[in-house]
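Please look over the sequence and the three-dimensional model below before reading on.

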Amino acid sequence: MPGRPGADGPDLRERLLDAAIACFVRQGIAATPLRAIATEAGVTPALLHYYFGDKAQLQEAVISERVLPAFAQLREPLLRSGDDVCELVAGFVQGIGALVAAHPWLPPLWVREVLCEGGALREVLFERIGPQLPQMMTARFAQAQARGQLNEDLDPRLLMVSLVGLTLFPAAGAPIWRRLLQAEDLDFDALRRHTLALLDRGLGMG
């Protein structure tokens, strides 16, 4: 194509998205200029502009092509778990482990851009992820509780909060607690087993 600043191809586009995510995790979305992403990817700013236009379009590409598909991979097996609340909880815990293994950038990006005030992805949670995953799971917990399959002292909404706190947050903080507790031997599979054992009695499903 005349005027194109560099070679085309899906591999390069993926590399540019990888570079954007790496910079967003290190510096935050708001603080990352397009030039820094181009440097990370080893390309010219003109090539980055060719693929994504401006920064807002690049950010939307990261959301639509990386963040949302990652959570969709977590959601789909949960939809198939039926009415078994044990299976739903285990599926979520296992799914977060698979999510983190496949996308190790997700927990630190989540902490920086969703939890921190002013984070660029907070509205994505409310508008695009929330209805698809946490709200769906909360509703299913409430249904299980109404059937007598879940501890009546639990609030289904806070159960969802607890599950995130026991899975995604430890994954984000792993470099800290592994060093602090001399726990380099603990991987996410160990965390998964620990979390399910911790939840087993508290859920009141036995």
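This is a predicted model: local features need pLDDT of at least 70, side-chain atom pairs count only at pLDDT 80 or more; totals for chains, interfaces and linings use all residues.

Residues are numbered from 1 along each chain as its sequence is written, and side-chain values use heavy atoms, with hydrogens and water left out. The structure holds 10 salt bridges, its largest pocket has a volume of about 360 Å³, and it contains one cavity of 30 Å³ or more.

**Salt bridges**

- Side chains of opposite charge can pair when their charged atoms come close. Here a salt bridge is a side-chain nitrogen of Lys or Arg within 4 Å of a carboxyl oxygen of Asp or Glu.
- Arginine 13 forms a salt bridge with glutamate 65, and the closest N and O atoms are 2.4 Å apart. This pair links distant parts of the chain, since arginine 13 belongs to helix α1 (residues 10-27) and glutamate 65 to helix α4 (residues 55-79), 52 residues apart. Helices are DSSP runs of H or I with at least four residues, numbered from the N terminus.
- Arginine 13 is partly exposed, with a relative accessible area of 24%, and glutamate 65 is also partly exposed, at 30%. In these terms, buried means under 20% relative accessible area, exposed over 50%, and partly exposed in between, using a 1.4 Å probe and protein chains only.
- Arginine 122 forms a salt bridge with glutamate 117, with 3.3 Å between the closest N and O atoms; arginine 122 is partly exposed, at 22% relative accessible area, whereas glutamate 117 is exposed, at 73%.
- Arginine 157 forms a salt bridge with aspartate 155, the closest N and O atoms being separated by 2.7 Å; arginine 157 is exposed, with a relative accessible area of 57%, while aspartate 155 is partly exposed, at 25%.

**Pockets**

- On a 1 Å grid over the protein atoms alone, a pocket is an open set of points with protein on both sides within 12 Å along at least five of seven lines, and a cavity is a set of points where a 1.4 Å probe fits but cannot get out; lining residues have an atom within 4 Å of a point. Grid points are joined across faces, edges and corners, and a volume is the space filled by probe spheres set on the points.
- The largest pocket has a volume of about 360 Å³, and of the 19 residues that line it, the closest to its centre are Trp110, Leu125, Pro134, Met160 and Val164.
- Helices α5, α6 (106-115), α7 (122-129), α8 and α9 (156-172) each supply at least two residues of the lining of the largest pocket, and α9 gives the most, with six residues.
- By class, the lining of the largest pocket has 16 nonpolar, three polar and no charged residues. Ala, Val, Leu, Ile, Met, Phe, Trp, Tyr, Cys and Pro count as nonpolar, Asp, Glu, Lys and Arg as charged, and the others, Gly among them, as polar.
- The second largest pocket has a volume of about 150 Å³, and the elements that give two or more residues to its lining are α4 and α5. Its lining has six nonpolar, four polar and one charged residues.

**The cavity**

- About 60 Å³ of space lies in the largest cavity, whose lining residues include Gly82, Asp83, Leu88, Arg140 and Arg147.
- The largest share of the lining of the largest cavity, three residues, comes from α8, and by class this lining has three nonpolar, two polar and four charged residues.

- Threonine 138 lies in helix α8 and is buried, with a relative accessible area of 17%. Leaving aside neighbours within four places in sequence, threonine 138 is in contact (heavy atoms within 4.5 Å) with Pro156, Arg157 and Met160.
- Phenylalanine 24 lies in helix α1 and is buried, with a relative accessible area of 1%. Not counting residues up to four places away in sequence, phenylalanine 24 touches residues including Val62, Leu109 and Arg112. The C-alpha atoms of phenylalanine 24 and arginine 112, 88 residues apart along the chain, are separated by 8.9 Å.
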